[in-house]
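Please keep the sequence and the structure in view while reading.

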Amino acid sequence: MEKQYWKGLEELNNDPEFVRLKNNEFYELLPVKESDHKPETTRRDFLKYMGFGIAAASLAACEAPVKKAIPYLIKPEEITPGVPNYYASTFFDGYDYASILVKTREGRPIKVEGNELSSVNNTGTNARTQASILGLYDEGRIQNPLIKEKVSDWKTIDAEVTSKLTEIAAKQGNIRILSSTIISPSTKKVIADFTTKFPTTKHIQYDAISHFGMIKANKLTFGKAALPNYSFDKANCIVGFECDFIGNWISPVQYARQYAQTRKISSDKKNMSQHIQFESNLSLTGSNADIRYKIQVNEHGAALVALYNILASKAGAASLGTASTSVDQAIAKTAESLWGSRGKSLVVSGSNDVNHQVIVNGINQLLGNYGSTIDLSRQSNLRQGNDEEMNELMTELKEGKVAALIIYNSNPVYTLADGEAFAAALGKVELSVAIGTHKDETASRCQYLCPDHHYLESWNDAEPIAGHYSSCQPTIRPLYNTRQGQTSLLIWAGNATSDFHDYMQVNWSNLLSGSSKTWQNFIQDGVFEAPATAESVSFNDSELINAAIASLVKKQGAGLVLYEMTAMGNGIQANNPWLLELPDPITRLTWDNFFAVSIAYAKQQGLVQGNIIEVKSGNKTIKGPVLIQPGLANNTIAVSYGFGRTQAGKAGNGIGINSYPFAIFSEGTFQNLISGVEISKTIEDNYSFAGVQTHHTLMGRNHDILKETTLTEWIKDPASGNTYEEITTYQGKVRAAQADLWATPKQPGHDKPNHLWGMVIDLNACIGCGACVVACTAENNVPVVGKDEISRSREMHWMRIDRYYSSDADPKTNHDKKDYAAMEIPSDSPQVLFQPMMCQHCNHAPCETVCPVAATTHSSEGLNMMAYNRCVGTRYCENNCPYKVRRFNWFKYFDNDQFDYNMNNPVGKLQLNPDVIVRSRGVMEKCSLCVQRIQAGKLQAKKEGRPVEDGEIKTACAQACPTNAIVFGDYLNSESQASRMKDDPRSYVVLEHLNTQPNVYYQVKVRNV
């Protein structure tokens, strides 16, 4: 049966809202009144409205902001106006890591990119890394040191804190430093020196989203309390259990890059990994799997034991007891695939249950994966939080045994399950100090608030993987009266070297001794890799039986999955409007989180989308809206971390549900998979979400938009799946491009003598993470419009990632949205496909022919260009664009209190890219293929007297992509990567039958099933 594609339940069920969007190009209705179903508006009034509207749009388009230029009296030596400078640095906020290059203009950091010299993340980044630059210009940062919420100065704070610490140490009072994971060797040395000065000090590392279950399991089975370093690029078979390893898990950019290497295929590489996923929630990783099985939360442990038992029988090892699940056949098939890839396979679990992780270690040991796809000798340092020590600290605080508590880059009042109890216990502490960038839920309850530099204002170093180092250097002078946290600790400890830069340089002179690299080399390159040291570890199977017994215990009731949303993560960047406005890859919703449930479970509980429910786990009850989500396991509720902040800042306060109270401490860890949950429906009014799922609908023309095949079929025929529609002409049936009214022998069409810029997107490599969308926002000054405008179909992103579900059942038979049984058939466990969509830069562009003022034209290099000053806002181009990629400025989004985001304050505007104009009200805009980068690359090549080299120019989206799914280049250069990919049999253009002849190509999705 031919596959059916659908964007969401609205399209699946012909929801009235979807039908409206399908049949009407524009959301807004004419401003007319109706009486007895007869319009009162006369033809004259209608023309009057239209005439006024066009005149108003014309006047609005003529408005332009006044710009003032102030010349340098003495120009800094390193700055040439109009020419960017780049500095190697490191982004790590206790959660995400990336070695980066920071682009600055006239002393202002405006963009971050991945550092190609890094073997960890290479050029890739994720959405949160891209958005982190906006945090530098957040007016919500603490701007001065505070004592009991009153502005003070550093001299006073240093004197008081030092005096109190000395006094507490003299009477042997307990001093505690609580931080998120620290991967900086120099910072750890600072803390060690502080502990030497004050011997009663203990340092506790605590991660908001814990991975201590893995750390403890490795201690039990290998004697080493650490996270291993995984090599997904060496695995032929990858099996995940509730593990979002390409979206959020430990080092997602690194793993996504490795994963994509095993998914890309070509005429020279025909092997492809197989990815199998078992999960309750529909994760980003699960949506990219070749084969995905749904399991309930209380089956997670049993499924792992069942898989171990089958592999043990093949290896001649003892089983761990009888395990039965609803997916036994799937487990058996998976075991066969894994056994056939021994030594080149990988099994990972996102559970924070120690027992589950012990079983996973046993499975990987049976498969011979240690030393191949799993390396414990070069462990990952990105998650070092110790849940047991954090729980012990909580007990000490409650009992009044802590005299001084220094909280560094951590927010336990918000992230702990019992955050309010922590806040109450904090009041018993004699000295409480918060070092951080924001006056958050925890910092606001401390006596002393010591504002830390933003990472772009800081010196630092990092060791994300043992032996892999990266540097961090300031790229701008501190915007506020802040000071680096390490410097504060050095001063309070009375260290002879109180400046952290000097301290770090001395430390690195020791670390680099014997190396050919100097301190200057390390700072300039941004990375350093020490020789690997061999370390042997042996597996201890004595814990397997006890772990299996504990894993096979099933609790009754619904299951709750706590997960990380791709944009928001753990919530540390909750005040970042770029991330709040980034649509979630799976649900396509913005500015919210929710309780997601399956369609069958919604029917069972009598729920419809938007109902407000109460979810109870133990003694915790949280209220929030329901989202009905295809692909979830039955009897399962999923809710993301990172929302529900009360003191994040003006953008992030009061957004969504705080789910951290559900992450209770049990069996030695903070749990993320919870059984025995109860729900109840409230009588409150339904909640409205703001999503982009069915905006810009493509009218059901999916047969010419999405193309996919299987690996087996592709090996037989490289053009498999790349079908196309033929047009009947007087010469017979031909492809659309051959029936060309634009090009004739006398008029050959657009002449492109020098370059033909284009882009090819490999759907096998695109994982839908959204890094490209945020990178485009940062590069091209795309405004944030907020939840209300998005609900009106007015989002402004130049680039979107369409998410399609596919199934063999025909959704046209399921028109009644209340017929949940019929809906469950195609949406029970749909396959998912992501497709980045931006302006296709058509050679036969429908938008160009309808613009009455020639505001959109075609360049001699294949670009569809916009002249903003010429645009009068008729929106004819938007109406005529079959790809729905044009955006209209309904309002002036800068200097407008109705859109109080980064463009509405002088500090936030410092991030704006001066190479791209900020558009005014009444103007149409869209993707330009980063024409400013193209021009810069051409000018650089011209100055050096050479042609533009392939790969020298990259669009923002292509450069940010962690999987290198997007390739930009010159089609006229037959040797360019883009040209070779365009000519591949897998490549196609979207809506080919319209003969718009886009310069953006896609490659057929291939599944290894």
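Strand β23 (residues 558–563) supplies the largest share of the lining of the largest cavity, namely three residues. The model is predicted, so local features need pLDDT of at least 70 and side-chain atom pairs pLDDT 80 or more, while totals for chains, interfaces and linings use all residues. Residues are numbered from 1 along each chain as its sequence is written, and side-chain values use heavy atoms, without hydrogens and water.

**Cavities**
- The whole structure holds 17 cavities of 30 Å³ or more; a cavity is a set of points on a 1 Å grid over the protein atoms alone where a 1.4 Å probe fits but cannot get out.
- The largest cavity has a volume of about 450 Å³, the space filled by probe spheres set on the points.
- Of its 38 lining residues, E242, D244, L562, Y563 and E564 are the closest to the centre; lining residues have an atom within 4 Å of a point.

**Overall build**
- The chain has 30 helices and 46 strands, which are DSSP runs (helices: H or I, at least four residues; strands: E, at least two) numbered from the N terminus.
- Of the 1009 residues of the chain, 62% count as buried, that is, under 20% relative accessible area with a 1.4 Å probe, protein chains only.

**An open sheet**
- Four strands form an open sheet with the order β43-β36-β45-β44 and mixed pairing; two strands pair if DSSP finds at least two bridges between them.
- β43 (966–970) and β44 (987–988) stand at the edges with a single partner strand each, so one side of each is left without a neighbour in the sheet.
- β44 pairs with β45 (residues 1000–1003) in the antiparallel sense over two bridges, and Y1002 in β45 is the bridge partner of Y988.

Note on methods. Buried < 20%, exposed > 50% of the residue type's maximum accessible area, 1.4 Å probe, protein only. 1 Å grid on protein atoms, 1.4 Å probe; cavity = no way out; pocket = protein on both sides within 12 Å on 5 of 7 lines; lining within 4 Å.
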